[in-house]
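Hello,

Here is the structure we talked about. Please have it open while you read the notes below.

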Amino acid sequence: MNELTPRFWEIFLELYESLPRQGPGNRTCAEEALGLCRELPSTPAVLDLGCGVGGQTLHLARITSGTIVAVDNHAPFIERLGRTIAELGLSDRIRPLVADMANPGMPPESFELIWSEGALYQICIESALLICHGLLRPGGYLAFTDAVWRKDNPPPEIKTSFDFDYPAMGTVADVLTAIDKTGLSLEGHFSLPNEAWWDDYYTPMERRMGEMRAKYASDADALGVLDQLAQEPEMHRRYSDYYAYEFFVARRTTGGGGP
Ligand SMILES: C[S@@+](CC[C@H](N)C(=O)[O-])C[C@H]1O[C@@H](n2cnc3c(N)ncnc32)[C@H](O)[C@@H]1O
């Protein structure tokens, strides 16, 4: 792929930093996943890995009474979340942190709930599950979303797109196997419905891309990048039968250092 020029990243980040969230998901799905954490303590210690600008972090603060450490390695996302937290008076509930989830530098068994929407795959799902296992207290829950194939033989256009962003993407069965191998026990899983892709993600993305097209009307390079970025929601319109985002909820049932 030849689009990953500095200009591509500049436009990409201008777009993504302005969105309410950086991946598919919505409040209803978060509440359904939280409902699968049936024995969560009333004020859980929560870790949100790959939180982006914190769309789901802020919702978690509303639907739990816990404290949340919100981690992302892209500092501008964390800076924006920090400003939002201050505006909402949530500084005693949410601690935004720039860190690498592959090496979060936190003591083992620190959390009763680890949440991660659309992010664990960035450090390889199997490694991420092991890291989460170690950070969870026995009895703690891991709730995460991951992109999965729903059908064999996807059209080349989709295959190329995912091969670039997530070459190791598997099926629901593959993720369930990985959860099992990590020693976590599955509490449930479900696919995100179509509206969870559109309401808070692709619809604001397409609206913002329209504003950026006006802003960059005489900038052919910027318009070219926006054309490339517009392919993702368009691909979803045409081919969403082939892939899904799946919410998985698993639990650490054992003590000790791993499976
Ligand atoms: C698809 S976005 C999802 C963001 C957010 N959870 C949401 O659903 O709106 C993935 C996020 O993971 C973050 N990320 C990627 N690799 C990371 C790493 N190694 N450590 C921490 N965050 C990472 C990215 O910066 C990005 O914000």
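Valine 53 is in contact with Arg21, Gln22, Phe77, Arg80 and Leu81, leaving aside neighbours within four places in sequence. Contact here means that two C-beta atoms, placed from the backbone, lie within 7 Å. Leucine 81 is 28 residues from valine 53 in sequence, yet their C-alpha atoms are 5.2 Å apart. Valine 53 sits in the loop between strand E1 (45-49) and H3. Helices (H or I, at least four residues) and strands (E, at least two) are DSSP runs, numbered from the N terminus. Valine 53 counts as buried because it has 26 C-beta neighbours inside 10 Å. The cut-offs are 20 or more other C-beta atoms within 10 Å for buried, 12 or fewer for exposed, and partly exposed in between, with C-beta atoms placed from the backbone.

A word on the source: this is a predicted model, where local features need pLDDT of at least 70, side-chain atom pairs count only at pLDDT 80 or more, and totals for chains, interfaces and linings use all residues. Residues are numbered from 1 along each chain as its sequence is written.

Now the ligand. There are 22 residues around it, and Arg21, Gly23, Gly50, Gly52 and Glu117 come nearest. A residue is near if its C-beta atom, placed from the backbone, lies within 6 Å. Helix H3 (55-63) and strand E2 (67-72) are the elements that give two or more residues to this shell. By class, the shell has seven nonpolar, eleven polar and four charged residues. Nonpolar covers Ala, Val, Leu, Ile, Met, Phe, Trp, Tyr, Cys and Pro; charged covers Asp, Glu, Lys and Arg; the others, Gly among them, are polar.

Glutamate 117 lies in strand E4 (residues 111-117). Glutamate 117 is buried, with 29 other C-beta atoms within 10 Å. Not counting residues up to four places away in sequence, Glu117 touches Gly23, Gly25, Gln56 and Thr145. Glutamate 246 is 129 residues away from glutamate 117 in sequence, but 9.7 Å away in space, C-alpha to C-alpha.

Next, the core. The largest nonpolar core has 57 residues. Such a core is a set of buried Ala, Val, Leu, Ile, Met, Phe, Trp, Tyr and Cys residues joined through C-beta atoms within 7 Å. Leu47, Leu113, Ile114, Leu142, Ala143 and Val249 have the most contacts inside it. Strand E7 (residues 243-252) gives the most to this core, with seven residues. Beyond four places in sequence, valine 249 is in contact with Ala33, Leu36, Cys37, Tyr141, Ala143, Glu187, Gly188 and His189.

Best wishes
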